[in-house]
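Hi there,

Here is the structure I promised to pass along. Have a look at it first, and then read on for what turned up.

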Amino acid sequence: MSRSAAEIVREYGPFEGVENVGGVSYDGQHVWFASGDRLNAFDPASGKTVRSIDVAADAGTAFDGQHLFQLAADRIQKIDPKTGRVLATIPAPGGGRDSGLTWAEGTLWVGQYRDRKIYQIDPQTGAILRTIESNRFVTGVTWIDGELWHATWEGDESDLRRIDSRTGEVLERLEMPRGVGVSGLESNGGDLFFCGGGRSGKVRAVRRPTRRIKARGTPA
C-alpha cells in the first residue's frame, strides 16, 4: 500500500446559507453538493453557485449522466436536475445510516459510515448486489478509470483510499491534513477529486496522483 499527503489544490466556499456540506457529485460541468434542505450546484472554474434545488439532501449525491440521486434519511431519491422534481425513490440499504453515494457500472454504490461498508445496489429496486467491508468509517465513495475510492473520517483524521473492489484491501491512501474532514467524494473524471468538507461549509479539490494516470486518463 502506498501512502502520501493529499494535495489540496483549491477550496470552494464557505457558501452563503450553507452550514454543512454532505454528498458531492459532478455532472461534467457543475459540482453538486447536499446541504440538508437543498442541492446546490457551483461552477468549479469560478466557484460561483449557479442554482439550487429545494429537496431533502442529507448525505451522498450521485449523477448517472441524466439524473441526480440523493440520500435523504432512509431513502434514495431520483431527481430530474432540470425541474428539481423527485421522479422515484428506493430504500437506502442502511435505513438512514448511509453516507456516500456514487454511480458506476449501471448501479449505485452506497457508503455506510459506522457500519464501515460499501454496498453496490440496484438503482431500480434498492436490492443489494455486493458488499465491501472497510476498516474505517466510510463517508464518500467514487469510481474513476475502474478504480474504487472512498473517503474516511474518524475524529480529526480523514483520508481518501483506493481499494480493491473485490476484497476491500487498501491499495493507496491520500492523507488529509489533521482536522480537515471529508464528508463527500466525487471524481471529475480526470485528475481531481471533489471533497465535501462537512461543517466547514467548504468543498475542496484534491489532486488525484498523476502517477496513476496515463495518456487520455486511462489507469497506469
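This is a predicted model: local features need pLDDT of at least 70, side-chain atom pairs count only at pLDDT 80 or more; totals for chains, interfaces and linings use all residues.

Ser 187 sits in strand β19, which covers residues 184–187. Is Ser 187 buried or exposed? Its relative accessible area is 7%, and because anything under 20% counts as buried, Ser 187 is buried.

If you set aside the neighbours within four places in sequence, Ser 187 is in contact with Tyr 26, Thr 142, Trp 143, Ile 144, Leu 192 and Phe 193.

**The largest pocket**

Next, a pocket to look for. The largest pocket holds about 280 Å³ of space. It is lined by 16 residues, and those closest to its centre are Ala 59, Ser 99, Tyr 113, Thr 139 and Ser 183. Sorted by class, the lining of this pocket has seven polar, five charged and four nonpolar residues.

**The chain as a whole**

Stepping back, you will find 21 strands and zero helices in the chain. Its C-alpha atoms fill a box of roughly 45 × 40 × 35 Å along the principal axes. Among contacts in the chain with a separation of 6 or more, 42% are between residues 24 or more positions apart.

Enjoy exploring!

Best wishes

Terms used:
Residues are numbered from 1 along each chain as its sequence is written. Side-chain values use heavy atoms; hydrogens and water are left out. Helices (H or I, at least four residues) and strands (E, at least two) are DSSP runs, numbered from the N terminus. Buried means under 20% relative accessible area, exposed over 50%, partly exposed in between (1.4 Å probe, protein chains only). Contact means heavy atoms within 4.5 Å. On a 1 Å grid over the protein atoms alone, a cavity is a set of points where a 1.4 Å probe fits but cannot get out, and a pocket is an open set with protein on both sides within 12 Å along at least five of seven lines; lining residues have an atom within 4 Å of a point. Grid points are joined across faces, edges and corners, and a volume is the space filled by probe spheres set on the points. Ala, Val, Leu, Ile, Met, Phe, Trp, Tyr, Cys and Pro count as nonpolar, Asp, Glu, Lys and Arg as charged, and the others, Gly among them, as polar.
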